[in-house]
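The sequence and the structure come first.

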Amino acid sequence: LNDAEQDLYHRLREAMPNMQIFAQVGVSQLAQLRGRRDAKSLVQMASRGVDFVVCTSEFAIIAAIELAWPTNSDEKNTPEEEKRQALTSLGIPLIVFRPNNLPYAEAISREIADAIVRRNRLEAERLAKKAFPKIAS
């Protein structure tokens, strides 16, 4: 991990001492862990990863965290947006922090709380699509 990633890791640990934090996790690994049949559709993401994954103490995935510099692009198909869409399809929210503006533990705790709400919503939507594919589409 570089200096910014190490700094963020320590802040994540401080913000969430009871959660598991994993570094440098591949998107394809997340797809397999989530047990999604659509993992095959994420083949193009096989070589891409996220900087951190936050899990409960029971190893349920809460959120993925990316440390990325802002881009000047307003395009919808940026690598960051592609990663966000892939993770959303797995029911995993993506939180992006900027290396030049790392939040402190308190702000990280709020972001994770928001991510838990988003993850629960994404999971409910995923289950609705699975249960009622024609209605949810």
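## Strand β3 and the basis of the description

Strand β3 is mostly covered, with seven of its seven residues buried. Buried stands for under 20% relative accessible area, exposed for over 50%, and partly exposed for values in between, computed with a 1.4 Å probe on protein chains only. Helices (H or I, at least four residues) and strands (E, at least two) are DSSP runs, numbered from the N terminus.

The model is predicted: local features need pLDDT of at least 70, side-chain atom pairs count only at pLDDT 80 or more, and totals for chains, interfaces and linings use all residues. Residues are numbered from 1 along each chain as its sequence is written, and side-chain values use heavy atoms, with hydrogens and water left out.

## Overall composition

The chain contains five helices and four strands. Along the sequence they follow the pattern α-β-α-β-β-α-β-α-α. The chain has 137 residues, of which 38% count as buried.

Contact is used here for heavy atoms within 4.5 Å. Of the contacts in the chain between residues at least 6 apart in sequence, 70% join residues at least 24 apart.

## The sheet

The four strands form an open sheet with mixed pairing, in the order β1-β2-β3-β4. Two strands are taken to pair if DSSP finds at least two bridges between them. Strands of a sheet pair through backbone hydrogen bonds, either parallel or antiparallel.

Strands β1 and β2 run antiparallel and are joined by six bridges; V25 has V50 in β2 as its bridge partner. The pairing of β2 with β3 is also in the antiparallel sense, over four bridges. Here F52 is partnered by I65 in β3, and V53 stands opposite A64 in β3. Strands β3 and β4 run parallel, with four bridges between them. In this pairing A64 stands opposite L94 in β4.

Strand β2 is mostly covered, six of its seven residues being buried. Helix α3 (residues 79-89) lies across β2, β3 and β4 and runs at about 150° to β4. Axes are lines fitted to C-alpha atoms, for helices over the stretch in contact, and angles run from 0 to 180 degrees between N-to-C directions.

## The β2-β3 hairpin

Five residues lie between β2 and β3, which form a hairpin. In the turn, F59 has a positive phi of about 70°.

T56 is placed in the loop between β2 and β3. Its relative accessible area is 17%, so T56 counts as buried. Neighbours within four places in sequence left aside, T56 is in contact with Q20 and I62.

## Helix α1

Helix α1 covers residues 3-15, 13 residues in total, and reaches 18 Å from its first C-alpha to its last. This is close to the 18 Å expected at 1.5 Å a residue, where the expected span is 1.5 Å times one less than the number of residues. At the start of α1, a side-chain oxygen of N2 comes within 3.1 Å of the backbone nitrogen of A4.

The buried residues of α1 are E5, L8, R11, L12 and A15. Seen down the axis of α1, these buried residues fall within an arc of 125°, so they line one face of the helix; the arc is that of the directions from the helix axis to the C-beta atoms. An α-helix has 3.6 residues a turn, so residues three or four places apart point the same way. The buried residues of α1 pack against β1 (20-26), β2 (49-55), β3 (61-67), β4 (94-97) and α4 (105-131). The face of α1 turned away from its buried side carries the exposed residues D3, H10 and E14.

## Surroundings of I95

I95 is found in β4. With a relative accessibility of 3%, I95 counts as buried. Neighbours within four places in sequence left aside, I95 is in contact with A63, A64, I65, E66, E111, I112, A115 and R118. The C-alpha atoms of I95 and L67 are separated by 8.6 Å, and these two residues are 28 residues apart along the chain.

Conventions. A polar contact is a pair of N or O atoms within 3.5 Å; within protein, one must be able to donate a hydrogen and the other to accept it, and residues adjacent in sequence count only if both atoms are side-chain atoms.
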